[in-house]
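Dear colleague,

Please find the structure below, together with its sequence. My notes on what was found in it follow directly after.

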Amino acid sequence: MSVAATRRLTTAQALVRFLAAQYTERDGVRHRLIAGTWGIFGHGNVAGLGQALVEYRETMPYHQGRNEQAMVHAAVGHARQLDRLSAQAVTTSIGPGATNLVTGAALATINRLPVLLLPGDYFASHAADPLLQQLEHPVEADVSVNDALRPVSRYFDRINRPEALLASALKAMRVLTDPAETGAVTLALPQDVQAEAYDWPEEFFADRIWRVRRPAPDPAELADAVRLIRSAARPLIVAGGGVHHSEAEGALKTLVDATGIPVASTQAGKGALRHDHPADLGGIGHTGTAVSDELARTADLVIGVGTRYSDFTTASGTLFQRPDVRFLNLNITAFDAHKLAAGTLVCDARAGLTALAEALPGHRVDAAYETEYRAGKARWEETVEAVFRADDDGAVPTQTQVLGALDAVVGDEDVVINAAGSLPGDLHKLWRARSPRQYHLEYGYSCMGYEIPAALGVQQAAPGTPVWALVGDGTYLMNPTEIVTAVQENLPVKLVLVQNHGYASIGGLSESVGAERFGTDYRHRVADGSFTGAPLPVDLAANAASLGMDVLRARTVRELREALVTARASTRPTCVYVETAPPSAALPAEAWWDVPVAEVSAREAATGARKAYERAVADRRHHL
């Protein structure tokens, strides 16, 4: 009997070797599963994973981060750009390095995007106890700060023995490549186990292909879905991120071209159809377009494709108002498919849309309905043109004019990234997406500080593609440090830094709910404790320059246009800095959003806001 071949490596070395040999495959196209590893080293990982990454630096690319949360954001941006078929790993020390992963992990899991987290951990042997940065729990000795990652991870394990990695690594890869279950995967690595040697079976390091499946719809569910669509007079498709993740944009277009059913999109789904397709109505919900929300209120069938129906999409349960409205949800997860008491089509988005198109030969919505929504689309396009237009090129631009200037510069291949503040609302209403990957909004977690590091991940995934991070001053102050990494790795990301001296989005919300914009301006404190004095003497453009970016200051609409053209052509990380004029009131919300208002107050602003709240909440429906 022959003895199975083994290789003696440390646990960290074995993990890196294993990760370098993992691949995904969908539709015959193969991708490397773990394309690289981001890392910040400390005593919890430098001698283990740090040494292993040096040992195998030719097979596992390493990227140096500046902030642990930002490294996860970069990895998420990379995964989204590549349709979840490729991911990146992130390694940190124990203690604050590990706990800094929690926000990024939550973002990844909420958005159903794969990232592999490899935080260091305490000594499994407890030989050094407590060690530096270890959390001591008086009655649970096996608890560490990494346990904070459990609720925000789709899979979690602590590798307390080298051989435990054999099973756990395979389980981790399964979750990363599962289209229904993916998200953050955490393998906590005690630092003594990282450095411990073990005789690993050679089979562990063989190339392994993880096929990303496209489950087909159940025939009975498909037949029910076809009956629902054929019986509907005013159907509306709500396209979510699942359309992009499954590369189903072509299948959606085929179905829409054949049936004439209009499409509204969530933040994650925008770009599922090109903006100039006659059936594309733009965003839906609280930040949606007038035409989308008007049709949603009168739709008799809402067909959700790859959406999880957040409160922004449903206007907190107030948007779909027709008494007899029904729902049909096509989703790869049964959890999302059953929302709103819908009829279900649990399958891959491309497979499901293709099956629907084949099962609906000759079916088309009434011509009057097409005429109605096309007229609404034309009216909204006039609104977009009006807020994008600047009649005076020498004036200070508004935020919407900044978007208009960028709209005039980008090509079909450019990627525009944003996540939080007032920009997501303007972008969802106004941006004219030219390709499936152009519109990159992280709105599942709406995490301030996502944009700059995500731009790095997207740029790594799509070299040669112009990548724009749109950032307000509030978001910039949260997390600008990955600019240094962009400079170090020669990633020519383009940063549009909009300075409006405060939290514009939350300031407007604060005013609407009776909180009187308290604490939302970046201004000097005055005698009564409020922040209504002069703007602070903060120069964010100088800060970006000090971190290594080329900076172009634009003071007028004309200068802004010129700066954007220059930035797009640049081969270096470049920032376009613009201070905007106060926003106009041209773009009010087209649908409500539930933010509960103080039920009692001595201040008039709050009592007035409460009355408006009670009027709005009365329209909420429970779809059963």
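Two strands are said to pair if DSSP finds at least two bridges between them. Helices (H or I, at least four residues) and strands (E, at least two) are DSSP runs, numbered from the N terminus.

Please note that this is a predicted model, in which local features need pLDDT of at least 70 and side-chain atom pairs count only at pLDDT 80 or more, while totals for chains, interfaces and linings use all residues. Residues are numbered from 1 along each chain as its sequence is written, and side-chain values use heavy atoms, with hydrogens and water left out.

I begin with a hairpin. Strand β2 (residues 22-26) pairs with strand β3 (residues 29-32) in the antiparallel sense, over 4 bridges. Within this pairing, Glu25 has Arg30 of β3 as its bridge partner. The hairpin has 2 residues between its strands, and Asp27 in the turn has a positive phi of about 55°.

β12 has parallel pairings with strand β15 (residues 301-305), over 5 bridges, and with β13, over 3 bridges. Pro235 stands opposite Leu301 in β15, and Ile237 has Val263 of β13 as its bridge partner.

Helix α10 (residues 249-259) has Glu249, Ala251, Leu252, Leu255, Val256 and Thr259 buried. These residues lie on the same side of α10 because they cover an arc of only 165° around the axis, the arc being that of the directions from the helix axis to the C-beta atoms. After α10 comes Gly260, whose phi is positive, near 75°.

A search of the whole structure finds 42 salt bridges, each defined as a side-chain nitrogen of Lys or Arg within 4 Å of a carboxyl oxygen of Asp or Glu.

- Arg150 and Asp147 meet in a salt bridge (2.5 Å, N to O). Arg150 counts as partly exposed, at 42% relative accessibility, whereas Asp147 counts as buried, at 16%.
- Glu372 and Arg234 meet in a salt bridge (2.8 Å, N to O). This pair links distant parts of the chain, 138 residues apart: Glu372 is in helix α15 (residues 367-388), and Arg234 is in the loop between α8 (219-231) and β12. Glu372 is partly exposed at 35% relative accessibility, and Arg234 is buried at 17%.
- Arg620 and Asp594 meet in a salt bridge (2.5 Å, N to O). Arg620 lies in the segment after α24 (604-617) and Asp594 in the loop between β23 (574-579) and α24, so the pair ties together parts that are 26 residues apart in sequence. Arg620 is partly exposed, with a relative accessible area of 32%, and Asp594 is buried, at 17%.

With kind regards

Notes. Buried < 20%, exposed > 50% of the residue type's maximum accessible area, 1.4 Å probe, protein only.
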